[in-house]
Amino acid sequence: MFCQKYKRDCYAETDLTFLMGISNSIARSKDIYKDLASIAKKICEYLHAQYCIFTLVDHFQSRIMVDSAYGLTDEEKKKGIYKIGEGIIGEVVSTERPAIIPDISQSEKFLNKIGIVSQKDLMTAFLCVPIIVKNEIKATLSIHKIHKGEDDFSAELKFLNIIGMLIGRNISIRQKEIEELEELRKENRRLRGGKTYKPENIIGNTSLMNDLYDLIDRVAQTNTTVMIRGESGVGKELIAEAIHNASLRADKPFIKVNCSALPESLIESELFGHEKGSFTGANSTHIGRFEMANGGTIFLDEIGDIPLSIQVKLLRTIQQRQIERVGGNKTIDIDVRIITATNKDLENLIKENKFRDDFYYRINIFPIYVPALRERKADIPLLIDHFIDKLNKRNNTKIKRITSGALDMLMLYSWPGNIRELENVIERAMILSTDDVIHSYCLPPTLQTGFSSGTIDKGTLNNVLEKVERQMIMDALILTRGNISKAAAQLGITKRIMKLRINKYEIVAQRYKQLSNE
């Protein structure tokens, strides 16, 4: 029983009665999930706690997730996903030792992902114990307890340990249920022919892209902060959109912010908003991007260009999920999924004191690396077809195909500008085409040199010219259905030279007699 109002200095019949009640509930359990929620409620009532949370450890995906809780909404429970070693819960799992945080507002390790709001003039303690079954950690049990400055929670911690041992077997069964469900999902994918999730807004079938799709699918179902990394032009914004569209927030706002495009003097106002009269020119209240994204997702592109002063404020926003408008004194709660992107070397910027390390660790929870186009050249034909179809509609053109010679040149190029550069090259070639076909000579001169493709070598220029010449002869023969005289006239050369070139490239003109102009 309680020997003092807020302290548990002794154990007596009430403790035993409570523990026996928990034990009986477990023995009669028919629905483990519902019974765990009921037990969490009883723990809160008995220990005068604000929240009680059970998390399960998913060793296959190296994560910890809130499974049952009392005091949390379903939306708040979805936010409770941690990596092993991340925050207090992650530390308890990795060390398999209990932890006590007397005041969560003073702890940097307490991540507050679910948005615990402290009460005025009161402290909130956080107690967490591991639940270990057969020498393997299966789960954690934690409570949030409001108090006026107590410094000894050892009795509560022992009590939670006892409950953890009582429900350990049931927790293990619950964990097995979730693992079996995941196995069923995998089997379902296998029976469907190995089909996996593929975003509608992204083109690519290489193994690198399929690995990327799997990461998007996994992280989209959570509220974890994501950092998308990759070179300029690889499509980081499309990845952010894919994550949002595959998430439970898909019907909520998706707000994009290009951090490098905002002047330093305005970026705080744009992100957090401002009150009327807060500075010269603030003629009315302005709603910031974080408020606009409330309930949905905010995408902070070029996060490496954020000034250090703003990084501090963003750090607080990520930790507390709260903002204050410029010139205001009211704290505004927000429910926003944060996705960032950068093509900069943030680790090097940290060494140069141009990027805060604490901010980096907050946004780098789930990094996704997008491969450069040169790393997945097998996707180039698919991307070309996509761009031709897209640009035909946009520019009212009627391009039907690309020649094999032009495709070869595109496959040889190193693409420093990635997909954005490829789209620009295709658009230019489509404009230059005179016969609704993209030929090699429609491509920019930079693609037709050994330097730009990284293939400088003796005879490279001659090889490229021969490829272009051979392709032009083949295209002419296709158009004239194998008529050498007409093909020569079209190319502006004599029939004799045409025959010499056909022999040189071992082209069989007769094969083209049966082909249509298509």
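## Aromatic contacts and a pocket

Tutor: Phe18, Tyr46 and Phe159 form one aromatic cluster. The model is predicted, with local features needing pLDDT of at least 70 and side-chain atom pairs 80 or more, while totals for chains, interfaces and linings use all residues. Residues are numbered from 1 along each chain as its sequence is written, and side-chain values use heavy atoms, without hydrogens and water.

Student: How many aromatic pairs does the structure hold?

Tutor: Rings of Phe, Tyr and Trp (its six-membered ring) pair if their centres lie within 6.5 Å; planes under 30 degrees apart count as stacked, over 60 as edge-to-face and the rest as tilted. By that rule the number of aromatic pairs is nine.

Student: Are the rings of Tyr46 and Phe159 stacked or edge-to-face?

Tutor: Their centres are 5.5 Å apart. The planes meet at 25°, so the pair is stacked.

Student: Is Tyr46 buried or exposed?

Tutor: Buried means under 20% relative accessible area, exposed over 50%, partly exposed in between (1.4 Å probe, protein chains only). Tyr46 has 16% relative accessibility, so Tyr46 counts as buried.

Student: How do the residues of the lining of the second largest pocket divide?

Tutor: Ala, Val, Leu, Ile, Met, Phe, Trp, Tyr, Cys and Pro count as nonpolar, Asp, Glu, Lys and Arg as charged, and the others, Gly among them, as polar. A pocket is an open set of points on a 1 Å grid over the protein atoms alone, where a 1.4 Å probe fits, with protein on both sides within 12 Å along at least five of seven lines; lining residues have an atom within 4 Å of a point. There are 27 lining residues, and they divide into 12 nonpolar, six polar and nine charged.
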